[in-house]
Amino acid sequence: RLLKLLPGVGDVKAATLVAHLTASADPLATLATAELMAKLPIKAKGHFAGFVADLRKVQRVAPETHPAEAIGAILQGGYPATARLKYADSHPENRLADVEQLAVLAVRYDSLEKLIADLLLAGDVSGMDSVEADETEETLVLSTIHQAKGLEWSVVFIPHLVEDGFPSARALNDPGGEDEERRVFYVAVTRAMDELWLTYPLMLTRPGRGGAMIAEPSRFLTEIDQDLYEPATLETDIDLAWTSGLKPDAPTR
């Protein structure tokens, strides 16, 4: 898929290049050889050299343990220009905004494998998808916070507001990380014109930490003046009376 982003490289040429690379003991090293360059169309050669340079930048930041830095390296390389050229007729800025939002999400991870696993578990949900209803005013929009900048809706739901989630544990370890997360939270809550629902689960599971655990509401919730919101409760069939004073009817904000 990456090779086919290059000018003049279609399915057949990409398959030829991939076959050559996979036959090599060191495919990444083979990328930079004159032998592979000779197999490229003339108009793709300059772009391919930039592509190889970008891959080296990604390698230098150790993507296996620094996924956010790896995505940042991609955004600082030639991909934005390639996306604008390749997808000029299909909103390339939306594609780039999605990658930028992925970088924001990745800040919470110190493992590329864990990031990919969580993305797979989350399913295929992309920003700004709409579910059409019978009435035009009844439309559900799923949006990343980044893509929601400058937009407003009558009712906005912000889910999963828990500590280590929003703000993320990794962001809190970075200088200025909490302030940046707070600014993102401000963007999210100011998208609502009439109703704003801030929610969090009572229980959650996190791989590597045992079974279910009691969720701790985000500090961004607990810092809100109580005169500014109305608590709501959701009925549940699960008996949580065994938890430390936690009522079966879980409050949401």
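Among contacts (heavy atoms within 4.5 Å) in the protein chain between residues at least 6 apart in sequence, 58% join residues at least 24 apart. The structure is a predicted model, in which local features need pLDDT of at least 70 and side-chain atom pairs count only at pLDDT 80 or more, while totals for chains, interfaces and linings use all residues. Residues are numbered from 1 along each chain as its sequence is written, and side-chain values use heavy atoms, with hydrogens and water left out.

The protein chain has twelve helices and eight strands; these are DSSP runs numbered from the N terminus, with at least four residues (H or I) for a helix and at least two (E) for a strand. Of the 253 residues in the chain, 29% are buried, where buried means under 20% relative accessible area, exposed means over 50%, and partly exposed is in between (1.4 Å probe, protein chains only). The accessible surface comes to about 16,200 Å², and 56% of that belongs to carbon and sulfur atoms; such areas come from the Shrake-Rupley method with a 1.4 Å probe, and for residues only the protein chains shown count as cover.

Now for a pair of helices. H5 (residues 67-76) and H7 (residues 92-106) pack at an angle of about 155°, with their axes 8 Å apart. Here the axes are lines fitted to C-alpha atoms over the stretch in contact, and angles run from 0 to 180 degrees between N-to-C directions. On the H5 side, the contact is made by Pro67, Ala68, Ile71 and Leu75, and on the H7 side by Leu96, Val99, Glu100, Leu102, Ala103 and Ala106. These residues split into nine nonpolar, no polar and one charged. In this scheme Ala, Val, Leu, Ile, Met, Phe, Trp, Tyr, Cys and Pro are nonpolar, Asp, Glu, Lys and Arg are charged, and the others, Gly among them, are polar.

His146 sits in helix H9 (residues 145-148) and, at 25% relative accessibility, counts as partly exposed. Leaving aside neighbours within four places in sequence, His146 touches Ala97, Glu100 and Gln101. His146 and Leu102 are 44 residues apart in sequence and 9.9 Å apart in space, C-alpha to C-alpha.

Ser218 is in the loop between strand E6 (212-214) and helix H12 (219-222). With 0% relative accessibility, Ser218 counts as buried. Setting aside neighbours within four places in sequence, Ser218 is in contact with Leu161, Val162, Glu163, Phe166 and Pro167.
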